[in-house]
Amino acid sequence: MKSFEQLRQYRQQQIVKVSTSHQLLNEFHDELMKGIVHTALKKVESEWGPPPAHFAFFLMGSAGRFEQTIWSDQDHGIIYDGLEEHQDYYLQLGTKITEGLSLCGYELCEGNVMSSNPLWCKSLKKWEEQLIQWLEKATWNSIRNYSIFFDSRVLVGDKSLLLKLKELSFSQIDKSPHLITRFKQNIGNVKKAIGLFGQFLPKQYGEKAGTIHLKETIFFPYVNALRLIAIQEQMTKSSTLSRFHQLPEKFSTLKIYEKDFINLLNNRLCLLLDCKNYDEVHFIKISNLTTKEKHELKRIAKNGYRLYEETKALIDKGV
Amino acid sequence: MDPIYLMNNVWIIICFTLVLLMQGGFILLEAGSTRMKNAGHIAGKTIFSVGIVSLVFWAVGYGFIYGEGNAFIGLSDFFYGDFTSVVDGLAGSVDFIFQLAFAAIALTIAFGGFAERAKLTAYLVFAVAFSAIVYPVVAHWIWGDGWLGALGKQDFAGSTVVHLTGAAAALAATIILKPRIGKYNKDGSANELAGHNQVYTALGVLLLWVGWFGFNAGSTLGVDDAFFGYVALNTQLAAAAGAIAAMLIVWAVAGKADVPTMLNGALAGLVAITASCAFVAPWASVLIGIIAGLIVYGSMRFFEKKQIDDPIFALSVHGTAGIWGTISTGFFATPELAAMNGGQAGLFYGGGLTQLGVQTIGVVSSGIFAFVLSFIILKVMVKVMGGIRVSEEEELVGLDLSEHGSYGYPENMPKTNGSQSA
């Protein structure tokens, strides 16, 4: 069992080797995060004893979608198949995991979507209640929470726990089909990277002047479109690529955008290679791009908006 | 007494109050476009500068413009106060007070270049110098018996006389004062020092827009044939077109329908039509407004890139749009309106390049004169007064406190060290 410090050093030494391959990089992140979770578990076990019930530690956000870059923040939760009074144990575990991840270079989540937060660390029963409540309330915030939850996969522990929750939520959505409209509205505000004349729309002011936020403006239209389809079509896989692979026949016209998304996954790793921290990792300075890179990025961005619009149109048509 | 004479005088005194009320528009516009810590100062300085310009204009300004003299300057009618004279079909006092309000507008525009960093004493001294010399000379050239008026320069209500002159002085001030702390990063990139209240700014623009009917329609100096209605129509069309054009261009280019830019578009339309409102057809007013709305945005971007910090966009709104408005009659002046109001028809009406040439000469000479003279005055002030910019500490704490001793928004400002140690 490696200590957090050893894992941190391991990351520093190894990550460069996999930093240009989307697949290898994300496999590396998984391996590292598994190590961190096991170390954290050992630490908690030494003080609190073995886990009192089956549990699943699951990832959300970019890690949940298997779409991390070199630098990434934390988004994770815990489901345990036990009693209410066990929450302290798992919160302790969540806190240790959060500490370990932070030490190893994974920035704390600004929105506190972490298993150290009781909102994201619950018993199966409480999770079920929370999901039903989120979907019944259908407020902007609860829909957003559900969307975050939905891009999830189990990294360590019992996979069936997360699956049960997703299936429960599907049956809830079946009962209230209007929820799809709410999911659509929730992602309705897209920040654009490309203007009316096909020009980039970089930030105008501050230290980030001349850059575009790659994730918000170019990446999200792809992610959001495919998530919307996945929710409607009750797909449990969490990555955007696997959602592309599983696209049902009625969405087959959207299949052409898959290669753009793959290009984006690979291109951004090269474009962001020099980033020194999480703060920098989303911003691309337009003046640093070659003409070819600019052209390609614009094409990908435009196709992202097309995919997003076509997805909404298909869903509106009731396919 | 001739009822037309009476109505002329009533009309112009109403227009005087409208133009004076434009200062209220500037108070809201400038305060809204700057930060909270300077709001009381920005608002207050507008009032005392109206005080200074009133006294100086009475003492010498009016005489330098309209007194008998030479092609360069007038030299009589100082300390104006004749209740028997008649000027341009108006009681002399009515004409005087209407002209005074214009001088006050020019000064307020010039002070746009001082915003958020000039010492209070700099305002005091420059207010005297500007309203005694800079403004009157340009006004004499075009509206008095000056050489540009003799050439047939068309500037109905003052795109050049008022707006460009004010903006040229503002440019000199921004260059000498240098950018505000925090406006630019070491790599030259700009930061956004957003104004604290867009609602004030929008209200300020609306108040200016309303006042502009006194400014432009009042510049008919009378009610004969109710020509003021036509002037008002052109004014309204250009302002409307400017607002829309600026909104659309910033939306298309920057991806954001930026409110301050749209507001500047409305003002740019107003500034541009100020020279041409009595010379052009309504369709041309729309076009003049559209172009003003487009160039004001380009100009804002240009000055920002050149690291000329212009917090309330005086250079773009009054300078760039003022130049465009003045030159626009060289293209669009119709033969009938030129015959009625002076000068010749524009290029698009078979007037050739003559009027365009006159307008260009007017813009270049007036702009350079106002800029160079203001620059010299300010440089002398820097020397004599030991600088015209507040200290770094004063700028950071805000001019409300450093120059006046109390905040415009006391409840919203952080406690000072003094009160903490008490």
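**Exercise 1.** State how many helices and strands chain A has, and decide how its radius of gyration compares with the globule rule.

*Solution.* The secondary structure of chain A amounts to 12 helices and 6 strands, where helices (H or I, at least four residues) and strands (E, at least two) are DSSP runs numbered from the N terminus. Next, the radius of gyration, taken over C-alpha atoms, is set against the globule rule, 2.2 Å times the number of residues to the power 0.38. For 319 residues the rule gives 20 Å and chain A has 20 Å, so the chain is as compact as a globular protein of that length.

This is a predicted model, in which local features need pLDDT of at least 70, side-chain atom pairs count only at pLDDT 80 or more, and totals for chains, interfaces and linings use all residues. Residues are numbered from 1 along each chain as its sequence is written, while chains are lettered from A and ligands numbered from 1 in the order in which they are written.

**Exercise 2.** Check the span of helix H4 (residues 87-103) of chain A, and describe what follows the helix.

*Solution.* The expected span is 1.5 Å times one less than the number of residues. For the 17 residues of H4(A) this should come to 24 Å, which agrees with the end C-alpha atoms being 24 Å apart. Just after H4(A), A:Gly105 takes a positive phi of about 100°.

**Exercise 3.** Name some buried residues of H4(A), and say what covers them.

*Solution.* A residue is buried if 20 or more other C-beta atoms, placed from the backbone, lie within 10 Å of its own. Among the buried residues of H4(A) are A:Tyr90, A:Leu93 and A:Ile97. Their cover includes helix H1 (4-18) and strand E1 (55-59) of chain A.

Note on methods:
Buried ≥ 20, exposed ≤ 12 C-beta atoms within 10 Å, placed from the backbone. Contact = placed C-beta atoms within 7 Å.
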